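Welcome! Take a moment to look over the structure below, and then we will walk through a few of its residues together.

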Amino acid sequence: MPAPQLRPLGIDGSSLPGPYPVGRYADGLRDFLRERPRVQLFGEVWNLRLSRAKVYLELRDSDGALPCSMWRNDFDALGLGERTLADGAQVVIGGGLDYYAGSRTSSPSFSFAIAAGALRVAGEGDLLAQLDRLRKTLDAEGLFAPQKLLARPALPRTIGVVTGESGKARDDVLAGLRRRGWHGRLVWAFAPVQDRHAAPRIAAALQDLAATGAVDVIVVARGGGSLADLFCFCDETLCRTVALLGVPVIASVGHHTDRTLIDDVAALSCSTPTHAAESAVPVHCLRAREDVIAFARRLSVHGRRALLHRAQTLARLSRAPGEHVAGERRRLHQRLREIRAAGRRRVHDERARGASKALVLERKARAAALDAHRAPRLNALALALAAHDPERTLERGYALVTDRGGEVVTSAAAAREAGDVRLRFGDAAVDATIGGDDDRA
Amino acid sequence: MTEPENKLALSYEAASARLEEIITRLDSGQAGLRETLELCKEGRMLVELCAAELEAVGRGLEELRLEDLVARLEAGAGAQGA
């Protein structure tokens, strides 16, 4: 039995009745609401949540929204699958206003209580269709491109982050930056990331960050949620602001299945805030430091090697004139030796050639002397030979008898035997036939 | 921004990419003596630039709210104006 409450004094000067105990007033409010006429409503389902006893959803259209609830048993009796009654589905519901008055230990809640069997799915949500139309419009205007054309620095000095002040995304961003070894300047621009006021605040934060001129890249992060929770990131004004911002924006609104419009217009879309933070710093700072140290060492090696090479070259050049003169001297000595050798060879050859000529001349002289001695003897022999020449005999009146074969006929018997003979005189030859008796000597 | 003009003109990624080009050229052994010395000189300048950039994001994480940054920038602008 709760202790009876003492009624406190009212506010001085107030003309309002009371004060009344809140529980009793809440009960009265519940009764008042329950007496309102029961009606049918239509709109789109958002934020559908199923608990063991009840099902909660929001019914929305472009002008407003109403929290609704129904008993889980009544919902299950409808036989609707999760996909049929997904966020964005168009439904008609029937029921009336209700109010749970709460207690000292539980919070009150207001809802439109849907009666058993009074829910009908009427079609896909209009908001999703609007979203699709807006996406096509922004795309047609070329607003998906400008952010992607912005140069994202590999090593930003200052990173801006737009996120909820109390969300887990904040820690995830820090974790991602730590993983990159980045310890630069981080500027937080906190803004609500859910509900109807979120989009203008996010857009303002983005514009303020860009306006400082000190931020190299901006991360927009949210820890996830249903598409209904993320609907502020599909706001047309916000998306146009992002598209035309001069600083690259990396979006990470943590939704895997449905893509928000800020994902399309941003320079880069990441699935998690951690990933977005890592993408904001493409360079791994610790590895980059090691690389720079390695570069410096290699440059030093090349520089030393180049200086050593230059010193060696200079030394070689300084030695070059002396070496050149020595080389020329060696070459001249060699040439001189060759000339001397050639001279000696020439003298020797000339001498040998002279000796050979002298020998030939000597032999010729000896042969000439011998010829002078033999000439008279040869003349005598020639005369003797001419004296025995048959031609000379024929000239004196003798004739030479030969047979037809040219053989000399030396006897009368041979002449008879031959019959036809040839008589050769000093001037010519005549044929003759042997006839008559022998005239033997 | 208070960085010198030459640092603004050359970003970290451009500097590191040029450094890699220089090292590749030097490693190839095709650079002559004069070119080697010039590349070493340019490389040392780029190493200093990259090291300064890395130093700027390695001193320790500085977290501040947008309002603080704006106030700081305004204070800086005011000091410059005065």
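## A buried phenylalanine

A:Phe233 counts as buried, because it has 26 C-beta neighbours inside 10 Å and the cut-off for a buried residue is 20 or more. Please keep in mind that this is a predicted model.

Where does A:Phe233 lie in chain A? You will find A:Phe233 in the loop that runs between strand 8 (217-221) and helix 7 (236-243). Setting aside neighbours within four places in sequence, A:Phe233 is in contact with A:Leu238, A:Val253, A:Thr260, A:Leu261 and A:Ile262. A:Val193 is 40 residues away from A:Phe233 along the chain, and the C-alpha atoms of these two residues are separated by 8.2 Å.

## The chain as a whole

Stepping back, chain A has 12 helices and 13 strands. Of the 441 residues in chain A, 25% are buried. Among contacts in chain A with a separation of 6 or more, 66% are between residues 24 or more positions apart.

| Place | Angle |

With 16 C-beta neighbours inside 10 Å, A:Asn47 counts as partly exposed.

Technical notes. Residues are numbered from 1 along each chain as its sequence is written. Chains are lettered from A and ligands numbered from 1 in the order in which they are written. This is a predicted model: local features need pLDDT of at least 70, side-chain atom pairs count only at pLDDT 80 or more; totals for chains, interfaces and linings use all residues. Helices (H or I, at least four residues) and strands (E, at least two) are DSSP runs, numbered from the N terminus. A residue is buried if 20 or more other C-beta atoms lie within 10 Å of its own, exposed if 12 or fewer, and partly exposed in between; C-beta atoms are placed from the backbone. Two residues are in contact if their C-beta atoms, placed from the backbone, lie within 7 Å.
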